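Some terms come with their cut-offs along the way.

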Amino acid sequence: MRPERWRSASFRLTLSIAVLYMVVGWALLAFVHFNTRSIMERRVDLGLEAERARVLADFAGVDPARIGGAVLARIQYERGSARLYRLATGIDENVGNFTVVEGRLPGEGEWSDVSVRRAAGERPRHARLNGVALPAGPLLVLGRDLTEEDEFGSVMRETVLVGGLLMVVLAVAAGSFTGRVVMRRLAGFNAAAGRILHGHLDERMPIVGSDDEFDHLAAHLNDALDRIEELMAATRHVTDDIAHDLRSPLSRVRGRLEYLQISLPEGSATEAALADSVADLDQILDTFEALLSIARLEHGTPPHLAPVDLGAMTGDLVDYFAPTAEERNQTLSLVRDEAVIVEADRNLLFQALSNILDNALRHTPAGGNIEVSLRRRGESAVLRIADDGPGIPAEDRERVLRRFVRLDESRHLPGTGLGLAVVDAVVRHHGAELALDGADPGLAVVVTFPCGAQRANLTKLS
Amino acid sequence: MRALVVEDDREVANYLRLGLKEFGVVVDVVADGRDAQEPARDPHYDVLIVDRMLPGLDGLELIRRLRGEGVATPVVILSALSHVDERIRGLKAGGDDYVVKPYVLAELHARLEAVVRRRSAPGRRTRLEVGDLVLDLITRSAARGDEAIHLNPREYMLLEYLMRHAGQVVTRTMLREAVWDYHFHPQTNTLDVHISRLRQKIEKDPDKPMLITVRGAGYCLRAP
């Protein structure tokens, strides 16, 4: 089953990687931005402090009456630079190369950030000011025009913005790429696990040779699967060997008992006990036979299949069981498409289908309905045997296909507990698939046969 | 009836001999395939019972050689191999029937009877008669005395088989194979229902039934 897109691990992984990339990218840009700014601010302050020292030295011996001229001379000399000067007190107050538009002039040793205008009609610009009390008395305000720094700042902000957007795009791209790479590996694992669950026990997790964590994980899982397969094969062999080795002595015992039984007068107590013993032995032998036939079907020679008219076979099947159903007041109906040909071993398949239908009849109460339908669905033929009996709870449906599994409700009915396991083995032997479904109410056993194009493949295989 | 059993498992052979004696079959036993070639040619035997796997000479090979020499005695193959392919191989080799171990003695006996009778039965017949029950093979119609019996196709086939083997025990497996043409073992005795329907149509007097159930074996149709 595919999860909804936004819930899929792939989507969430992509998103988290993208967000992570974005956060890291933005943090990096922000760090550069703030650091650059603080370095620039320090440089401005250092420059102003150096200028302050120079001014104090240069104006040390200047006559207070000529300070205005000296400041003008300095302004003249510094023309074109970012340096600002203005006398804030004294007789030459207001001599300077700027006027404050917003903010106030600083006192001695004070700093202030203001908005200034350097010439009439110009647009205001930012500046940083520092007050210097000249030795001669008046307060000279030194400053630095921050236009350059502002321009640099705005370039910086643009860079951060554009870079950030680029980062988002990159993050999403990288996220989805990383996500896809990871997901492709996981999808490989998922597919392999699915095939294993469907009985292909020789299937293994894909190893691509990248020697990364995924390959290591796959290798570990494969080791575990090898062990499981070995254990399962060992268990199976033990069961099969027991079945095989016990069959001969049990057959001899059966022969002896049967001989004793038929040589005794019919109806005597001993004869009846012997008949019961023979019947019990028959059930044991049936169980062994079923186990051995599953083993043969799963590990035996490749199937000898020939074209079989499945429509005719379902007709025979229903015909064989119709009187029994009638006897029990059950309605047995058949719906089928014409000419559905599948590759099959007709006796084996008929045996399996008769087991399914027999089960349906036995588990459906008197007055119930059993419907056998055969439909062509594109490249496959779908045979469905549905009843309106008590059915099998959804959580038990997979389980009843296993060997010896009998649900509590059916323990009182005769059977080996291998019926459906044998049916499943026969169905797989035919390259077909067995599924148990709810029939609302009741149980539907659905056998899907490959035919048409898939049939050609099967022929090639065998 | 005289039968030659070729079987290497002495105990199986012994109980086969004792068991078949109860059914009135005289049995001789040979344990080796090679040793069986000479007595098997003896026309006194009505039937040969050959185990599929034998020391010396394999059961199928023994049958092939006998058939090659023109020995026509009916052969029933006994085998622990139940797969349908094995069955087909057995019949192709020249066997007349194939019985899987462990077998039910009554089933084996019924099959022996069937193969022996098949050989001695006259060729084509157009009409089968058992007592006052008559089956016309040409018009495919049945009658009991003057009364016509209406049979559906499957019932007709059942009755035909039973009438062809009148007086013999016919097992359920034999009927399934002959009438439905599938070799299979149902979990329940669904066949009995078909038989009881057939009974309702052909029986006249419940005290003098024609089609009787032979416990542990199958059915037998005979004149009342």
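Two strands pair if DSSP finds at least two bridges between them. Strands (E, at least two residues) and helices (H or I, at least four) are DSSP runs, numbered from the N terminus. This is a predicted model: local features need pLDDT of at least 70, side-chain atom pairs count only at pLDDT 80 or more, and totals for chains, interfaces and linings use all residues. Residues are numbered from 1 along each chain as its sequence is written, chains are lettered from A and ligands numbered from 1 in the order in which they are written, and side-chain values use heavy atoms, without hydrogens and water.

Start in chain B. Three bridges join β8 (residues 141-144) to β9 there, and the two run antiparallel. One residue pair is A143(B) with its bridge partner A148(B) in β9(B).

Now widen the view. Four strands of chain B form an open sheet in the order β6-β7-β8-β9, with antiparallel pairing. β6 (127-130) and β9 (147-149) of chain B are at the edges; each has a single partner strand, so one side of each lacks a neighbour in the sheet.

Turn to chain A. D215(A) sits in helix α4 (residues 213-263) of chain A. Is D215(A) buried or exposed? Its relative accessibility is 5%, so D215(A) counts as buried; buried means under 20% relative accessible area, exposed over 50%, partly exposed in between (1.4 Å probe, protein chains only). The side chain of D215(A) reaches the backbone nitrogen of S210(A) at 2.8 Å. A polar atom of that side chain also lies 3.0 Å from the backbone nitrogen of D211(A).

Technical notes:
A polar contact is a pair of N or O atoms within 3.5 Å; within protein, one must be able to donate a hydrogen and the other to accept it, and residues adjacent in sequence count only if both atoms are side-chain atoms.
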